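Thanks, everyone. I have one structure to go through today, so let me put it on the screen.

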Amino acid sequence: MALAFDEYGRPFIIVRDQEQKTRLRGIDAQKAHISAGKAVARILRTSLGPKGMDKMLQSPDGDVTITNDGATILEQMDVDNQIAKLMVELSRSQDYEIGDGTTGVVVMAGALLEQAERLLERGVHPIRVAEGYEMASRISVEHLENIAQKFVFDATNIEPLVQTCMTTLSSKIVNRCKRPLAEIAVKAVVAVADLERRDVNLDLIKVEGKVGGKLEDTELINGIIVDKDMSHPQMPKQIRNAKIAILTCPFEPPKPKTKHKVDIDSVEKFQTLRLQEQKYFDDMVQKCKDVGATLVICQWGFDDEANHLLMHRNLPAVRWVGGVELELIAIATGGRIVPRFQELTAEKLGKAGLVREKSFGTTKERMLYIEECANSRAVTIFIRGGNKMMIEETKRSIHDALCVARNLIRNNSIVYGGGSAEIACSIAVEAAADRYPGVEQYAIRAFADALDSIPMALAENSGLQPIETLSAVKSQQIKENNSYFGIDCNDVGTNDMCKQNVFETLIGKQQQILLATQVVKMILKIDDIISPSDF
Amino acid sequence: MAHLFKDEATEEKGERARMASFIGAMAIADLLKTTLGPKGMDKILQSTGRGRSISVTNDGATILKSLHIDNPAAKVLVDISKVQDDEVGDGTTSVVVLAGELLREAEKLVAMKIHPMTIISGFRMASECALNALLRKVIDNRDDAEKFKSDLMKIAMTTLSSKILSQDKEHFAKLAVDAVMRLKGSTNLESIQIIKKPGGSLTDSFLDEGFILDKKIGIGQPKRIENANILVANTAMDTDKVKIYGARVRVDSMARVAQIEGAEKEKMKEKVQKIIGHGINCFINRQLIYNFPEELFADAGILAIEHADFDGIERLALVTGGEIASTFDNPESVKLGHCKLIEEIMIGEDKLIHFSGVEMGQACTIVLRGASFHVLDEAERSLHDALCVLSQTVVDSRVLLGGGWPEMVMAKEVDELARKTPGKKAHAIEAFSKALQAIPTTIADNAGLDSAELISKLRAEHHKEGSTAGIDVITGAVGDMEKLGISEAFKVKQAVLLSATEAAEMILRVDEIITCAPRRREDRM
């Protein structure tokens, strides 16, 4: 720090030193990135596969999450390092695109980085490594396409779908009842799927959880559940053939957004205002009644008086229903969301066969079931479980299973799991490497080694000898020219994933390889970090 | 290694993480252990809030709720205890102790280099086997009303015997059973009201068949009404504001103010007239009733009660069969509540309003008397536990014997399973049975008995087919639970078993703990 003293002897700063900033350049910078990326991958590595372990995460507010979903772990980890944040993004984009394989993609990227480090030490230029990786990833994606199989199912035969979802669920804590959960997930997806267009709108599936009961009580409901109760305790708890008015306007006096005032300066005005007010409430309720609604669902609150009038006119009502739920209800019941009372007409009402209130446990927790809807395209998965963390984890697992089922409907190609696809790719890439002249050959070989790390991690987590198992499976694949051999994680006794019914979706796998390669390329290209150091 | 996390974040890995969670969970279990069983001790809890108020309790859920815990694994246990409380109401201590014991056993297995996943699959098999063993032994007296009632009585006594009410457990068990039987199968405990009044002794507590409202009757209004017609309302009885947004009074002279005030009064008077027009002689409002309308009511000879709390209003409406009204324009269609007699009664020094002969027979009020607030609070919690268990038993009438009997039955079955299972899982299954036996051991230890001796005797007893032996804490020996009349609800035991296993499983699966940097809060001084 360059300091000088003025005439009174007080110090002042002439130049702020560059020591305030840290700077890393060249190979050091790349090594720092690689080690950060590897550190993230190392955290997730133990969560891979059916025998993977969970992580316990404590948020800044002290809430505890227990999960082995890669995306969730990274999301909640609150990392500070820039490269680590890239890895978090990576896992998130896999989650958005595919919904499953969020752990695998990070482990893959970590392995690629590890291999790259070795090449860099030997003096290979990072760009050459990146290019080699790019070629290799193209080879493996193509190879995946070759070994993929079409997969036959339709709305009546959902068994293959269930099998695939079971593979996804088997790595989660819910694997105790993976069969029923997988069935629920598949049924839900099939219920909302548009098989013609091969598309599934997952927004139509609502996943709701309530603490209590057991996991086995989890059920699929052909309708909507709302965590609300009737606005007045004495309204009927069960309505058959309900006609539902879905409102986004409150049962309250109007509140214009522009500033205004109503001045009361005489007794007459006071009285007319009072009468108007009364009439206003009366009109609102009457309007609902006139169009033939038998249930009112409202996004906002009710005034006490309006509430009583509703009750009085025998019109059950639910208040403070969230926007998302409101939309779902509208979709399910075939109704329209009505923003103003004036626009309420009979056609805009939704229809549901049965609306009922159900209470749980010893506390007064109630939920509203809307079932037998006019349009059965919206379903709810209602999860029960021993504690809050269990419910949250089940929600995440179900989400993964739903995504897998959706991907299969979109594209029914599958590859076999248990690391078999990675091993097959590794063999193909290894073989292709020899055909490339130049430095890239090394990078392509390194890519093949990195692919091996996924089955290795699987074997390690399952308590098997990683190197021994991997080499055995690899030689078996080459010898029998059969890409179905993988790691026998569950100790079933056969390596044939086809017999074990362990599938993964083709697009999921391809996406994993592509995304991991992209991120690694990006990381390798950075050669300078300038960061302000902490004070 | 690169710097990954924010400054204050910590990361625990592998063995260390597992150890941290084991220790945390076991610490919580040990904390609660001494409160288990009929001779369990209580804890004093002092709040950090203003006034440093204290409460004395041995209710597991209450203790855990008041603790500030930093260990994430311990939080899992707190959570399961809370859920147990919400779902079945009792067994909140047992569930934590069982989970703690399971983890203690698991720790030994991990030290033996058995993989946590193997332990988990062993635990799962064991818990399934234990549940099946219980299912085979349940007694269901649903069809026999007389026996069913005695079952309920026994369950209530067993539940209460570990609480402060144990001295008068017969009295309270009777109270609780009567109250629950009135519900006729619904689990809605809202219609059982508990009123606490210090003074007198616990035995002076009683069950009242009517409804008691802790309010005073307005001055100059009748103190006793027979064949009352009651209007339950939720409406503003102060000035009945104009609700239109942005409305305000703007006047230019004193006279105008007076006019508007007059109009307001007139409006109130009209409203009161309308209310009176319903042909009622009792009016109960959730909100305040100002002096002016109160006076009007008094003039009309109507009993007006203001400021009943919301629960009170709902319950009152439920009990008297009326509806909660907020507008009064159509008197003919408003459903009024009825009761035979409203009178003011004295409990201790307080005056309360008593509604008897109500339409709905479901509701009742339990008035608790006791030496101090702490005693009353604890009594209320205990009674609440008993009521919860009973109402759940009415729904699911399967019953088990108590006093460590179910644990021993399960332990025996699980042990047999362990012997039949090949592989490392057998160790885990064996450990499960040991953890189950820890519960009767703790009960015996807490009673100051020689647990090692007792448990081995008990195990020998249970080797015989169809044994009903359990620990008789009073005499300190192995006794016949059936003769002693100690019973527990199946639903409670099932919930304890399942959630404890689930929690232990969750904690075992963890191999890494990442604690984020705590959010900084502004110092609020």
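I will take the confidence first, then the interface, then some of the strands.

This is a predicted model. The predictor gives the complex an ipTM of 0.72 and a pTM of 0.79. For chain B the average pLDDT is 81, and 91% of the residues score at least 70.

Now the interface. On the chain B side, 84 residues are in contact with 80 residues of chain A. Between them the two chains bury about 7300 Å², and 54% of that is on carbon and sulfur atoms.

How many salt bridges cross the interface of chain B and chain A? The rule finds two. Here is one of them: the side chains of Asp54(A) and Arg509(B), at 3.0 Å, N to O. Eight residue pairs are in polar contact across the interface of chain B and chain A, with both residues at pLDDT 80 or more. Which element of chain B gives the most to the side that touches chain A? That is helix H3, residues 72-87, with 10 residues. By class, the side of chain B that touches chain A has 35 nonpolar, 16 polar and 33 charged residues.

There is also strand pairing between the chains. Strand E4 of chain A, residues 54-58, runs parallel to strand E20 of chain B, residues 510-515, and the two pair over five bridges. Within that pairing, Gln58(A) stands opposite Thr515(B).

Next, a sheet in chain A. Three strands form an open sheet in the order E6-E18-E19, with antiparallel pairing. Strands E6 (149-150) and E19 (503-505) of chain A are at the edges with a single partner strand each, so one side of each is left without a neighbour in the sheet. E6(A) pairs with E18(A), residues 413-416, over two bridges, and Gln149(A) stands opposite Ile414(A).

Last, chain B, around strand E14, residues 350-358. Strand E7(B), residues 211-213, pairs with E14(B) in the antiparallel sense over three bridges. Strand E13(B), residues 337-347, is also antiparallel to E14(B), over eight bridges. Look at Phe355(B) in E14(B): Phe211(B) is its bridge partner, and Ile342(B) stands opposite Phe355(B) as well. The hairpin of E13(B) and E14(B) has two residues between the strands, and there Gly348(B) takes a positive phi near 60°.

That is what I have; I can go back to any view.

How values were computed:
Residues numbered from 1 in each chain as written. Chains lettered and ligands numbered in written order. Heavy atoms only, no water. Contact = heavy atoms within 4.5 Å. Buried area = accessible area lost by both parts, 1.4 Å probe. Salt bridge = Lys/Arg side-chain N within 4 Å of Asp/Glu carboxyl O. Polar contact = N/O pair within 3.5 Å; in protein donor to acceptor, adjacent residues only side chain to side chain. Helix = DSSP H or I, 4+ residues; strand = E, 2+ residues; numbered from the N terminus. Nonpolar A, V, L, I, M, F, W, Y, C, P; charged D, E, K, R; others polar. Pairing = 2+ DSSP bridges. pLDDT = per-residue confidence, 0-100.
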